[in-house]
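Hi everyone, thanks for coming.

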Amino acid sequence: MIERDGFDDDIYEVSCDYCSEDIEIDSGGDWQDMINEIKEDGWLIGKINNEWKHMCPECKKNRKQLK
Ligand SMILES: [Zn+2]
């Protein structure tokens with residue numbers, strides 16, 4: 001799940017939908033920059049049953065795919 005920080009509009013909070021991992025990305029509030037950054041970090045993002053899912057690099061290592 002990705003949410004804007006409640007206090008600082010420049011920061012997105014990205015949390016893994018498969019564990020409790022979460023990170024903060026300061027991309028100056030730019031959505032695409034933030035997406036590019038987490039993808040470079042190894043996060044997986046995709047749609048499952050019409051719902052966006054976000055998987056951290058650690059879960060990706062163990063599960064290999066979104067489900
Ligand atoms: Zn995870």
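Let me start with a question: which residue in S3 does Val14 stand opposite? The residue is Ile23. Keep in mind as we go that this is a predicted model.

S2 covers residues 11-15 and runs antiparallel to S1, with three bridges joining the two. On the S3 side, S2 pairs through five bridges, again in the antiparallel sense. The link between S2 and S3 is a hairpin of six residues.

Put together, that gives an open sheet of three strands in the order S1-S2-S3, with antiparallel pairing. Strand S1 (2-4) and strand S3 (22-26) each have a single partner strand, so at these two edges one side is left without a neighbour in the sheet. From one strand to the next, the twist averages 25°.

Now let's zoom out to the chain. Its pattern along the sequence reads β-β-β-α-β-β-α, which comes to two helices and five strands. The radius of gyration is 12 Å, close to the 11 Å that the globule rule gives for 67 residues, so the chain is as compact as a globular protein of that length. Along the principal axes, the C-alpha atoms fill a box of roughly 30 × 25 × 20 Å.

And what percentage of the 67 residues count as buried? That would be 15%. Happy to discuss!

Key: Residues numbered from 1 in each chain as written. Predicted model: local features only at pLDDT ≥ 70, side-chain atom pairs only at ≥ 80, totals over all residues. Pairing = 2+ DSSP bridges. Helix = DSSP H or I, 4+ residues; strand = E, 2+ residues; numbered from the N terminus. Axes fitted to C-alpha atoms, helices over the stretch in contact; angles between N-to-C directions. Rg over C-alpha atoms; globule rule 2.2 N^0.38 Å. Buried ≥ 20, exposed ≤ 12 C-beta atoms within 10 Å, placed from the backbone.
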